[in-house]
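Please look over the sequence and the structure before reading the notes.

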Amino acid sequence: MGQPANDYLPFTAGIGLRAPHYCKVLEKLPKLGWVEVHNENFFGGGAALHTLLKVREHYPVSLHGVGMGLASTAPLDQAHLSALYRLCDAVQPAAVSEHLCWNSVPDISTNGSMAINDLLPFPYTQEALSRVARRVDQVQEKLGRRLLVENLSSYLSFTSSEMTEGEFLSELSWRTGCAILFDVNNLYVNARNLGVDAKAFIHALPAEAVAEYHLAGHSIRDGCLVDTHSTQVCAEVWELYEFALQHIGPRPTLIEWDSDIPALAVLKGEAERAQQRLEEYTCLS
């Protein structure tokens, strides 16, 4: 079990803070380890950013991106990156993370790119690794901070892959110095849908590079697990989380819930379950 990457999130459980809970959180100031928000919701400034800055007065904030498209072949969106830079400057977040996916293609008609509103998988090849590493370097240089890169929930795999996703993330971290945001539910979804060896994935990750965990719920549609973040964390994901705690160690842990969002008390209850496990494995480590 290696020492964790040096980030500034507390080693506690936090929640994904979404709009339905902004007012109640600021009014009640419940006991929360930290909160995470989606970058793109605050790029426009205005009332949303004002609210986030008020939240930042009381809780560590993590910025989590869904639109960078680190694995895209289109040029990195400089306007998007600049907006993220300005947001980081205003909020001074404890961590900044992004998904390991692609979401855009070159648009010949405009000499620009066309965005796709999804987090899309790609083959884990040496060519892709070099491309993603260059883009991660660009992001980290612009922001002047380390980026956390999250493993993806996927619904297909590529025969052209030359390595597993865990090996890809490990090598990416080694090349760029980026950290890993390990989403346990994403791994469980891939294990069930694609036959990914979840324990081998965890063993492939360099423990010292893992800086954060995500936990979430999923839906089942026609026998396929879908990463909807719409329900409580299932028993199997809790078990996989405990396996990760045992082999990687305790890290800041987030409860994500993005649709069918429940009462704040339900989110807090899930965070408390994660906190109990964090404390148990902190004592053992």
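The model is a predicted one. Helix α4 crosses α5 at roughly 45 degrees, α8 crosses α9 at roughly 30 degrees, and α6 packs on α8 at about 115 degrees. The largest pocket has a volume of about 410 Å³, and the second largest pocket holds about 340 Å³.

**Helices α4 and α5**

- Helix α4 spans residues 126-143 and helix α5 spans residues 165-176; their axes come within 10 Å and cross at roughly 45 degrees.
- The crossing of α4 past α5 is right-handed.
- On the α4 side the contact is formed by Q126, A128, L129, S130, V132, A133, V136, D137 and Q140, and on the α5 side by F168, E171, L172, R175 and T176.
- By class, the residues of this contact of α4 with α5 are 7 nonpolar, 4 polar and 3 charged.

**Helices α8 and α9**

- The axes of α8 (residues 235-247) and α9 (residues 264-284) come within 10 Å, with a crossing angle of roughly 30 degrees.
- Because angles under 35 degrees count as roughly parallel, α8 is roughly parallel to α9.
- This crossing of α8 and α9 is right-handed.
- From α8, the residues W238, Y241, E242, L245 and Q246 make the contact, and α9 contributes E270, R273, A274, R277, L278 and Y281.
- The contact of α8 with α9 comprises 6 nonpolar, 1 polar and 4 charged residues.

**Helices α6 and α8**

- The axes of α6 and α8 lie 9 Å apart, and the packing angle is about 115 degrees.
- The two helices α6 and α8 are therefore roughly perpendicular to each other.
- The crossing of α6 and α8 is right-handed.
- V184, N185, L187 and Y188 of α6 meet E236, V237, L240 and Y241 of α8.
- The contact of α6 with α8 divides into 6 nonpolar residues, 1 polar and 1 charged.
- Y241 of α8 takes part in the contact with α6 and also in the contact with α9.

**Largest pocket**

- The volume of the largest pocket is about 410 Å³.
- Its lining has 20 residues, and those nearest the centre of the largest pocket are D118, L119, S153, D227 and H229.
- Strand β6, residues 112-120, gives the most to the lining of the largest pocket, with 3 residues.
- The lining of the largest pocket is made up of 7 nonpolar, 8 polar and 5 charged residues.

**Second largest pocket**

- The second largest pocket contains about 340 Å³ of space.
- Y124, M163, T164, E165 and V196 are the closest to the centre of the second largest pocket, out of 20 lining residues.
- Helices α5, α6 (184-194) and α7 (198-204) each supply at least two residues of the lining of the second largest pocket.
- Sorted by class, the lining of the second largest pocket has 11 nonpolar, 6 polar and 3 charged residues.
- Of the helices that supply this lining, α5 also packs against α4 and α6 also packs against α8.

Technical notes. Residues numbered from 1 in each chain as written. Predicted model: local features only at pLDDT ≥ 70, side-chain atom pairs only at ≥ 80, totals over all residues. Heavy atoms only, no water. Axes fitted to C-alpha atoms, helices over the stretch in contact; angles between N-to-C directions. Helix = DSSP H or I, 4+ residues; strand = E, 2+ residues; numbered from the N terminus. Left-handed = near helix turned anticlockwise from the far one by under 90°. Contact = heavy atoms within 4.5 Å. Nonpolar A, V, L, I, M, F, W, Y, C, P; charged D, E, K, R; others polar. 1 Å grid on protein atoms, 1.4 Å probe; cavity = no way out; pocket = protein on both sides within 12 Å on 5 of 7 lines; lining within 4 Å. Points joined across faces, edges and corners; volume = space filled by probe spheres on them. Parallel < 35°, antiparallel > 145°, perpendicular 65-115°, else oblique.
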